[in-house]
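Thanks for sending this one over. Here are my notes, in the order in which I would walk through the fold with you.

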Amino acid sequence: MTTEPTARDATPTEPPAAPAVRTDSGQFDGIGSGVAWRAWLPEGPARGVIVLVHGVAEHSGRYAHVGQRLVGAGFAVYALDHIGHGKSAGGKANIGSMEGAADNVAAMLSIASREQPGVPRFLVAHSMGSLIVLYLATRAPIDVAGIVLSAPPLDIPVGNPLQRMLAPVLSRFTPNLGVLKLDSSQISRDPAVVAAYDNDPLVYRGMLPARTGAEMLNATHAVKARLAKLDVPLLVLHGTADAIAAPSSSDLIERGAGSKDLTVIRYEGLYHEVFNEPEQDKVLDDVVGWLEAHVTGP
């Protein structure tokens with residue numbers, strides 16, 4: 001049966017109000033030094049808890065729009081600043097060690113779980129954060145309902161062969177020596193995003209230290225060798241025009257991961273930060289849809 005619209009039906013309605021988002025922050029004693037964290041939380045009970053893991057030289061505050069979108073879907077979101085990043089202590093952009101970075105993500109997950117008990121746990125990570133999460137999840141079994149990886153850098157096209165060869169030596173004797181600078185124009189096709197990145201006082205715009213570079217390179221080798229151990233539900237996102245973390249990285253995960261629940265989404269023409277591209281709403285919709293499907297299982 002069909003009905004004609006009434007005058008009330010024809011009246012434009014107000015757009016739905018944005019969900020209320022509470023914020024929180026704190027610090028814990030992590031591996032290496034004090035680790036700062038922040039959270040975006042729903043007013044009511046959360047349907048799941050997410051730990052969001054940022055990339056190299058940046059900080060968790062750049063993911064406020066991601067956190068708010070996830071809160072809108074009913075999730076509680078916690079994000080740490082890695083050692084040497086954002087508001088955490090340590091040498092500028094120096095993560096100290098990959099083992100320590102992974103331990104700190106695990107500690108953040110434990111804190112988030114205590115704050116939001118009894119709900120499914122997820123990890124959402126970008127770039128170096130994705131590498132840290134891969135290192136953590138392949139090092140030993142991890143109790144999460146799913147992992148979302150943005151631009152995992154298993155193949156890193158930046159840096160020349162000499163820099164790669166010298167990285168372990170420099171890391172040992174001059175760990176804070178700058179060896180490589182990221183090109184901010186490659187993070188997003190949106191000039192406003194690039195300008196905000198370049199002018200953000202918590203983003204490190206100097207040369208990345210040798211220790212961080214060496215730890216990342218070593219981690220790529222370790223993760224590639226044990227990808228078969230990655231058996232949790234997995235969503236991988238990658239822009240096909242990513243010049244910082246080669247899209248072939250996601251190909252490696254697709255071929256080698258042990259997960260039977262694996263989805264890879266490739267976004268044609270998008271740059272490195274898919275959460276900060278003009279198409280970010282579509283990307284976040286994909287993430288939310290996948291998370292919702294895994295709150296109670298695939």
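A residue is called buried here when its relative accessible area is under 20%, exposed when it is over 50%, and partly exposed in between, with a 1.4 Å probe and protein chains only. Helices (H or I, at least four residues) and strands (E, at least two) are DSSP runs, numbered from the N terminus. Please keep in mind that this is a predicted model, in which local features need pLDDT of at least 70 and side-chain atom pairs count only at pLDDT 80 or more, while totals for chains, interfaces and linings use all residues. Residues are numbered from 1 along each chain as its sequence is written, and side-chain values use heavy atoms, with hydrogens and water left out.

1. **Overall picture.** The protein has 9 helices and 10 strands. Of its 298 residues, 50% are buried. With contact meaning heavy atoms within 4.5 Å, residues 24 or more positions apart account for 76% of the contacts with a separation of 6 or more. The exposed surface comes to about 13,200 Å², and carbon and sulfur atoms supply 54% of it; the areas come from the Shrake-Rupley method with a 1.4 Å probe, and for residues only the protein chains shown count as cover.

2. **The sheet.** Eight strands form an open sheet of mixed pairing, in the order S1-S2-S4-S3-S5-S6-S9-S10. Two strands are taken to pair if DSSP finds at least two bridges between them. Strands S1 (21–29) and S10 (262–267) are the edges: each has a single partner strand, so one side of each lacks a neighbour in the sheet. From one strand to the next, the twist averages 15 degrees. Axes are lines fitted to C-alpha atoms, for helices over the stretch in contact, and angles run from 0 to 180 degrees between N-to-C directions.

3. **Strand S2 and its partners.** S2 is largely enclosed by the rest of the structure, because 8 of its 9 residues are buried. S1 and S2 run antiparallel and are joined by 9 bridges, with Asp29 opposite Gly34 in S2. Their hairpin has 4 residues between the strands, and Gly32 there takes a positive phi near 110 degrees. S2 also runs antiparallel to S4, through 4 bridges; Trp40 has Val77 in S4 as its bridge partner.

4. **The parallel pair S6 and S9.** Strands S6 (residues 146–150) and S9 (residues 234–239) pair in the parallel sense over 4 bridges. Ser150 stands opposite Leu237 in S9.

5. **Helices across the sheet.** Helix H2 (residues 64–72) lies across S1, S2 (34–42), S3 (48–53) and S4 (75–80), at about 40 degrees to S2. Helix H9 (residues 280–294) lies across S3, S4, S5 (121–126), S6, S9 and S10, and runs at about 175 degrees to S9.

6. **Aromatic pairs.** How many aromatic pairs does a search of the whole structure find? There are 2 aromatic pairs, where rings of Phe, Tyr and Trp (its six-membered ring) pair if their centres lie within 6.5 Å, and planes under 30 degrees apart count as stacked, over 60 as edge-to-face and the rest as tilted. Trp37 and Tyr78 make a tilted pair, 5.8 Å centre to centre with 45 degrees between the planes. Trp37 is in S2 and Tyr78 in S4, so this pair ties together parts 41 residues apart in sequence. Trp37 counts as buried at 11% relative accessibility, and Tyr78 at 1%. Phe75 and Phe122 are edge-to-face, because their planes stand at 85 degrees, with ring centres 6.1 Å apart. Phe75 belongs to S4 and Phe122 to S5, so the pair links parts 47 residues apart in sequence. Phe75 and Phe122 are both buried.

7. **Two loops worth a look.** Most residues other than glycine have a negative phi. Ser127, not a glycine, has a positive phi of about 55 degrees; Ser127 is in the loop between S5 and helix H4 (128–139) and is buried at 8% relative accessibility. Ala151 also has a positive phi, of about 50 degrees, without being a glycine. Ala151 lies in the loop between S6 and helix H5 (161–173) and is buried at 1%. Pro153 has its place in the loop between S6 and H5 and is buried at 3%. Not counting residues up to four places away in sequence, Pro153 touches residues including Ser127, Met216 and Ser249. Pro153 and Ser249 are 96 residues apart in sequence, yet 6.0 Å apart in space, C-alpha to C-alpha.
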